[in-house]
Amino acid sequence: MNDRQNLMPIRHAVIGIGASIFSQHRVGAELPEFELVAGTDIDPARAEGPAAEFGVPFFTDHREMLQKVKPELVVIITPHPFHAPIAIDALNAGCHVLIEKPVAVRVSEADAVIAAAKKAGKLAAINFQQRCRGDMKTIARLLAEERLGKVQAFEMTMAWPRTKTYYDSGTWRGTWAGEGGGVIMNQAPHQLDLTCHFLGLPESVFAYTPTTLHAMETEDTVHAVLRWAN
């Protein structure tokens with residue numbers, strides 16, 4: 001048996017277990033390296049089922065769960081505005097956190113999460129799983145090794161088809177108060193992260209962010225030009 005097999009599984013809890021994205025996170029509850037020990041959500045009608053399926057206690061208040069269950073790791077898959085305050089609560093309770101993107105709605109909130117992680121001596125990770133794809137790892141390696149020569153330009157076009165049904169599936173979607181933004185906050189973070197992962201942070205950004213396809217508050221279309229120092 002290898003060292004990983006000899007380790008005790010990581011006890012983790014999911015905050016927002018009633019969210020549709022839990023279908024992508026449930027693998028963490030099924031791997032032998034992890035043990036799901038609790039689920040929380042403010043909507044019992046959506047969340048009690050997944051919690052019962054895995055035979056774990058269910059809470060409507062994440063703070064009560066942190067106090068009673070004391071997980072080692074907390075996975076946060078709530079709507080965006082709640083990411084930072086819940087992450088800080090979990091870090092202060094002595095947990096590592098994995099936050100579904102984005103880390104927060106405001107930069108100041110993201111800074112607060114980083115500060116809380118450093119103070120607690122715990123890890124705060126953001127779920128940017130696209131970096132782990134084989135093709136993306138190859139691109140990153142080729143760029144790092146300068147196998148492709150000097151980068152002259154970088155172009156990315158990404159279509160994220162979202163129907164009216166998608167936005168109607170949650171009253172928080174496509175709203176400033178509930179989501180903190182539109183396509184930039186919800187779908188595009190993966191592409192923005194890969195861009196910066198490959199090339200580093202740009203020095204300037206110019207963008208148009210119109211709402212052209214849906215009757216919603218936030219942007220559903222973005223065209224941007226990014227400029228790097230080189």
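## Pro202

Pro202 sits in the loop that connects helix H12 (189-199) with strand E7 (204-208). The model is a predicted one. Beyond residues up to four places away in sequence, Pro202 touches Cys196, Leu226, Arg227 and Trp228. Between the C-alpha atoms of Pro202 and Gly170 there are 34 Å, the two residues being 32 residues apart along the chain.

## Thr221

The loop between E7 and strand E8 (223-227) holds Thr221. Its relative accessible area is 19%; buried means under 20%, so Thr221 counts as buried.

The side chain of Thr221 makes a polar contact of 3.0 Å with the side chain of Thr212. With neighbours within four places in sequence set aside, the residues in contact with Thr221 are Val183, Tyr208, Thr209, Pro210, Thr212 and Leu213.

## Helices H5 and H6

Two packed helices are described by the angle between their axes and the distance between the axes. For helix H5 (residues 62-69) and helix H6 (residues 83-92), the axes come within 10 Å and cross at roughly 15°. Angles under 35 degrees count as roughly parallel, and H5 and H6 are therefore roughly parallel to each other. The crossing of H5 past H6 is right-handed.

On the H5 side, the contact is made by His62, Arg63 and Leu66; on the H6 side, by Ile86, Asp89 and Ala90. By class, the residues of this contact between H5 and H6 are three nonpolar, two charged and one polar.

Definitions and conventions:
Residues numbered from 1 in each chain as written. Predicted model: local features only at pLDDT ≥ 70, side-chain atom pairs only at ≥ 80, totals over all residues. Heavy atoms only, no water. Axes fitted to C-alpha atoms, helices over the stretch in contact; angles between N-to-C directions. Helix = DSSP H or I, 4+ residues; strand = E, 2+ residues; numbered from the N terminus. Parallel < 35°, antiparallel > 145°, perpendicular 65-115°, else oblique. Left-handed = near helix turned anticlockwise from the far one by under 90°. Contact = heavy atoms within 4.5 Å. Nonpolar A, V, L, I, M, F, W, Y, C, P; charged D, E, K, R; others polar. Buried < 20%, exposed > 50% of the residue type's maximum accessible area, 1.4 Å probe, protein only. Polar contact = N/O pair within 3.5 Å; in protein donor to acceptor, adjacent residues only side chain to side chain.
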